[in-house]
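These are my notebook entries on one structure, written down in the order in which I looked things up.

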Amino acid sequence: MKLVPLFDKVVLKQLEAEETTKSGIILASSAQEKPQEALVVAVGPGGMVDGKEVGMAVKEGQKVIYSKYSGTEVKLDGEEYIIVRQNDILAVVE
C-alpha cells in the first residue's frame, strides 16, 4: 500500500532516535526523546487550502525538521509515518 496525501499534507518517516549521547552514555529507550527530524516520503498536490492558494515547498527525499506536537501518527504495513500540514514543517536540512 502507498500513502497519498491530499491538499497541503506531507507524509514523513521519523528518523531513528540517538541511542548514545555525544559523551558516550547509552540511553534507555524510555529516556530517548523522539527526534523532530524526518524524511519526506510523499507530498500532496497543494491547491486551495482555507481560501488561499498553497504551493508545496518540500519534495520527496528531503530531510526536514517539524513541530514537536504536530501531525497524526499512522501505521501502515508495519511502518510508522506522521502526516503533517506543510506549515508544520519548520526547516529543510541540507
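The entries below follow that order, beginning with the ground rules.

**Entry 1, ground rules.** I am working with a predicted model, in which local features need pLDDT of at least 70 and side-chain atom pairs count only at pLDDT 80 or more, while totals for chains, interfaces and linings use all residues. I number residues from 1 along each chain as its sequence is written, and side-chain values use heavy atoms, with hydrogens and water left out.

**Entry 2, the sheet.** I took strands as DSSP runs (E, at least two residues; helices would be H or I, at least four), numbered from the N terminus, and I let two strands pair if DSSP finds at least two bridges between them. In what order do the six strands of the open sheet lie? I read the order as S6-S7-S1-S2-S5-S8, with antiparallel pairing. The edge strands are S6 (72–76) and S8 (89–93), each of which pairs on one side only. From one strand to the next the twist averages 40 degrees, where the axes are lines fitted to C-alpha atoms (for helices over the stretch in contact) and the angles run from 0 to 180 degrees between N-to-C directions.

I then looked at two of the pairings. S1 and S2 are antiparallel over five bridges, and glutamine 14 has alanine 38 in S2 as its bridge partner. S2 and S5 are also paired in the antiparallel sense, over three bridges, and here the partner of glutamate 37 is isoleucine 65 in S5.

I searched for nonpolar cores, meaning sets of buried Ala, Val, Leu, Ile, Met, Phe, Trp, Tyr and Cys residues joined through side-chain atoms within 4.5 Å; buried means under 20% relative accessible area, exposed over 50%, and partly exposed in between, with a 1.4 Å probe and protein chains only. The largest nonpolar core has ten residues, namely Val10, Leu12, Ala38, Val40, Val58, Val64, Tyr66, Ile82, Val84 and Ile89. At least two residues of this core come from each of S1, S2 (37–43), S5 (63–66) and S7. I noted as background that nonpolar side chains tend to be buried together in soluble globular proteins.

Which residues does leucine 12 contact, leaving aside its neighbours within four places in sequence? Counting heavy atoms within 4.5 Å as contact, I listed Ala38, Leu39, Val40, Val41, Val64, Tyr66, Tyr81, Ile82 and Val84 for leucine 12.

My criterion was a side-chain nitrogen of Lys or Arg within 4 Å of a carboxyl oxygen of Asp or Glu, and the count comes to three salt bridges. Aspartate 8, which is buried at 4% relative accessible area, forms a salt bridge with lysine 9, the closest N and O atoms being 3.7 Å apart. Lysine 9 itself is partly exposed at 29%. Arginine 85 also forms a salt bridge with aspartate 8, at 3.4 Å between the closest N and O atoms. This pair links distant parts of the chain, with arginine 85 in S7 (residues 79–85) and aspartate 8 in the segment before S1 (9–14), 77 residues apart.

The remaining entry pairs glutamate 79 with lysine 13, whose closest N and O atoms are 2.6 Å apart. Glutamate 79 in S7 and lysine 13 in S1 are 66 residues apart, and their pair again links distant parts of the chain. Glutamate 79 is partly exposed at 33% relative accessibility, and lysine 13 is partly exposed at 29%. Through shared partners, salt bridges join Asp8, Lys9 and Arg85 into one network.

Is proline 45 buried or exposed? I found it exposed, with a relative accessible area of 68%, and placed proline 45 in the loop between S2 and S3 (47–49). Not counting residues up to four places away in sequence, proline 45 touches Pro5, Leu6, Phe7 and Met56. Proline 45 and lysine 9 are 36 residues apart in sequence, and their C-alpha atoms are 8.4 Å apart in space.

Phenylalanine 7, in the segment before S1, has a positive phi of about 50 degrees although it is not a glycine. Aspartate 77, in the loop between S6 and S7, has a positive phi near 55 degrees. I recorded aspartate 77 as exposed, with a relative accessible area of 55%.
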